[in-house]
Amino acid sequence: MSQPSPSPSPIVIAVPKGRILAEALPLLAAAGVVPEPAFGDEKSRALRFRTQDPGIELIRVRAFDVATFVAHGAAQLGIVGSDVLAEFDYAELYAPVDLDIGHCRLSVAEPADLAASNDPRGWSHVRVATKYPHVTAGYFARRGVQAECIKLNGAMELAPTLGLATRIVDLVSSGRTLQENGLVEVERIMQVSARLVVNRAAMKTRAHVFPLVEAFRAAVDRARAA
Ligand SMILES: Nc1ncnc2c1ncn2[C@@H]1O[C@H](COP(=O)(O)OP(=O)(O)OP(=O)(O)O)[C@@H](O)[C@H]1O
Ligand SMILES: O=P(O)(O)OC[C@H]1O[C@H](OP(=O)(O)OP(=O)(O)O)[C@H](O)[C@@H]1O
């Protein structure tokens, strides 16, 4: 007698904790992915969550790690900022949908007094504190400027006043963080928004991945039209 075939392992969607999570929750719901309540509770220490669909699970990871989980196939889909995609440039990731959330920009900033007396066109070498050394080095190299990058994981704004670096490359949204730390934005490197990312192999081999991508695409279109 033949055994019933085992049910396939659930599709795993990686979602960043932190500021994108709040904007991602309504989008997930609109795409038909309704997580158990603990998922939206930042105080919960759980990392893996069920949804109303036994075939879909969510994991909550650091923003930079979303790309790593999906690129290695540990998660099949993920939500991640285009800043992170630009920094890692994983060939295994396909980013089919701009989710129109997590809008900000990646910019070069420096102390206000330096900006008043210094012209960026005269730069030949810069020392920059950033969480994005790859994007930063590439941006400056394209205009013939050598960038010495000091990798930090947060609080970049402290670097110029403490002499760690002359400038920073960081995300800017309202500009409040720069302003409160005596810095001004001098150049914009890229506009950023969150993207749906998919593991390329999973897109071909897992039947439920494509319908999920289409559900997210439709949810974004409805949100834009509203
Ligand atoms: N000020 C902002 N406005 C809008 N989106 C932002 C802003 N800052 C960051 N983001 C987006 O949210 C993502 C996560 O940023 P966030 O600052 O929450 O990460 P983090 O807290 O530094 O991450 P980690 O979990 O590694 O500490 C970024 O990759 C970017 O795409
Ligand atoms: O222009 P603003 O609206 O002030 O936003 C910019 C800030 O937002 C991000 O940090 P976040 O607050 O996410 O925390 P982090 O410092 O832990 O990365 C970024 O790194 C800036 O510090």
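**The ligand shells and their setting**

Strand 9 gives the most to the shell around ligand 2, with three residues; strands here are DSSP runs (E, at least two residues) and helices are DSSP runs (H or I, at least four), numbered from the N terminus. This is a predicted model, in which local features need pLDDT of at least 70 and side-chain atom pairs count only at pLDDT 80 or more, while totals for chains, interfaces and linings use all residues. Residues are numbered from 1 along each chain as its sequence is written, and chains are lettered from A and ligands numbered from 1 in the order in which they are written.

Around ligand 2 lie Arg19, Gly154, Asp170, Leu171, Val172, Ser173, Ser174, Gly175, Arg176 and Thr177, a residue being near a molecule if its C-beta atom, placed from the backbone, lies within 6 Å of it. Two or more of these residues come from each of strand 9 (167-172) and helix 7 (176-180). By class, this shell has two nonpolar, five polar and three charged residues, where Ala, Val, Leu, Ile, Met, Phe, Trp, Tyr, Cys and Pro count as nonpolar, Asp, Glu, Lys and Arg as charged, and the others, Gly among them, as polar.

Ligand 1 has 18 residues around it, of which Gly18, Arg62, Ala63, Gly81 and Ser173 come nearest. Helix 1 (19-30), helix 2 and helix 3 (82-88) each give two or more residues to that shell, which divides into nine nonpolar, six polar and three charged residues. Because domain 1 (11-102 + 193-225) and domain 2 (104-191) both contribute to the shell, ligand 1 lies between them; these bounds come from an automatic or database domain assignment.

The centres of the two domains, taken over C-alpha atoms, are separated by 29 Å. Four residues of domain 1 are in contact with seven residues of domain 2, contact meaning that the C-beta atoms, placed from the backbone, lie within 7 Å. On the domain 1 side, the touching residues are one nonpolar, one polar and two charged.

Helix 2 (residues 63-71) has Ala63, Val66, Ala67, Phe69 and Val70 as its buried residues, buried meaning that 20 or more other C-beta atoms, placed from the backbone, lie within 10 Å of the residue's own. Seen down the axis of helix 2, these residues fall within an arc of 165°, so they line one face of the helix; the arc is that of the directions from the helix axis to the C-beta atoms. After helix 2 comes glycine 73, whose phi is positive, near 80°.

Key
Buried ≥ 20, exposed ≤ 12 C-beta atoms within 10 Å, placed from the backbone. Contact = placed C-beta atoms within 7 Å.
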